[in-house]
Amino acid sequence: MTLAIVAAMREELAAVLALMPAETCSTVAGREFFRGRLHGQDVVLVLSRIGKVAAAATAVTLIERFGASAIVFTGVAGGLGPGVQVGDVVVADAFLQHDLDASPLFPRHEVPLYGKSRFATDASLSARLALAAGAALPQARLHRGLIVSGDRFVATTAEARALQAELPDALAVEMEGAAIAQVCHDYGLPYAAVRTISDRADDAAHGDFLHFVQEVASRHSAAIVAHLLA
């Protein structure tokens, strides 16, 4: 059983990779896949790159080439829910593509030929991930619910408010999770995701984004993964 741990940016993955004392590296499709063991668990770590296409390609490679039995995504997101603030942690119960619109052939947000717009994460793995996040980061507020994904960095107050109005139960917004959720749905593979809130997806979102990822979110990811596998 091999657990895949994925992040979009190198800064998000660095602290997790540092937990693994020894690993082998394989390069496939321009991505480095690091295989090793953490707390007795076979794992493969990879940087997916940013966006839904990159994330989907990474997920398929993890399944087809590396035999991943489950996927956990970790990283950052912009907060949308009214109580979701910078430094909080969100564990996804479901994902939706906020920029998908095949209307009038299909309802807005619905994935064509699937008859659904929301893809649930694995209940058991998500519960374990939430417990790990709570144990690793007792000072951080933990939320569970809908995360939305799109191929756009939401960085204006107007965009954030539009998403909040259209999808009032969305807790956070990012650029990869829904794509991996759809791939895992197709393969019947357990999937869970945790995101540290780096900004409020508003006019100030671009501010200290990289600093936050390096100094806060990366350590959050490493602590959560360590507790998940302990």
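Two strands pair if DSSP finds at least two bridges between them, and in this predicted model strand β6 (residues 89-97) and β8 meet that criterion in the parallel sense, over eight bridges.

**Strands around β8**

Within the pairing of β6 and β8, Ala 92 stands opposite Gly 145 in β8. Strand β8, which spans residues 142-149, is mostly covered, since six of its eight residues are buried. β8 also pairs with β9, again in the parallel sense, here over four bridges, and Val 148 has Val 173 in β9 as its bridge partner.

**Leu 167 and helix α4**

Leu 167 is found in the loop that runs between α4 (157-166) and β9 (170-174). Is this residue, Leu 167, buried or exposed? With a relative accessible area of 6%, Leu 167 counts as buried, because that value falls under the 20% limit used for the term. If neighbours within four places in sequence are left aside, Leu 167 is in contact with Leu 96, His 98, His 109 and Val 148. Val 148, another contact of Leu 167, is the residue whose bridge partner in β9 is Val 173.

In α4 itself, the buried residues include Glu 159, Ala 160 and Leu 163. They cover an arc of only 100° around the axis, which places them on the same side of α4. The face of α4 turned away from that buried side carries the exposed residues Ala 158, Arg 161 and Ala 165. Among the elements that cover the buried residues of α4 is β9.

**Helix α1**

In helix α1 (residues 10-17), the buried residues are Glu 12, Leu 13 and Val 16. Their directions cover an arc of only 80° around the axis, and they therefore lie on the same side of α1. The buried residues of α1 pack against β1 (2-7), β4 (41-47), β5, β10 and α6.

Rolling a probe the size of a water molecule over the atoms shows where empty space is left.

| Pocket | Volume | Lining by class |
|---|---|---|
| Largest pocket | about 240 Å³ | ten nonpolar, one polar and six charged residues |
| Second largest pocket | about 160 Å³ | seven nonpolar, three polar and two charged residues |

The largest pocket is lined by 17 residues, and those that lie nearest its centre are Val 76, Phe 153, Glu 174, Met 175 and Phe 209. Two or more residues of this lining are given by each of β5 (68-79), β9 and β10 (191-199), and the largest share, three residues, comes from β5.

Which element gives the most to the lining of the second largest pocket? That element is α3, with three residues. At least two lining residues are supplied by each of β5, α3 (123-136) and α6 (209-229). The residues that line the second largest pocket include Met 1, Leu 3 and Gln 41, together with Ser 69, Ala 70, Asp 122, Ser 124, Leu 125 and Arg 128. Pro 190, Leu 228 and Leu 229 also belong to the lining of the second largest pocket.

Definitions and conventions
Residues are numbered from 1 along each chain as its sequence is written. This is a predicted model: local features need pLDDT of at least 70, side-chain atom pairs count only at pLDDT 80 or more; totals for chains, interfaces and linings use all residues. Side-chain values use heavy atoms; hydrogens and water are left out. Buried means under 20% relative accessible area, exposed over 50%, partly exposed in between (1.4 Å probe, protein chains only). Contact means heavy atoms within 4.5 Å. The arc is that of the directions from the helix axis to the C-beta atoms. On a 1 Å grid over the protein atoms alone, a cavity is a set of points where a 1.4 Å probe fits but cannot get out, and a pocket is an open set with protein on both sides within 12 Å along at least five of seven lines; lining residues have an atom within 4 Å of a point. Grid points are joined across faces, edges and corners, and a volume is the space filled by probe spheres set on the points. Ala, Val, Leu, Ile, Met, Phe, Trp, Tyr, Cys and Pro count as nonpolar, Asp, Glu, Lys and Arg as charged, and the others, Gly among them, as polar.
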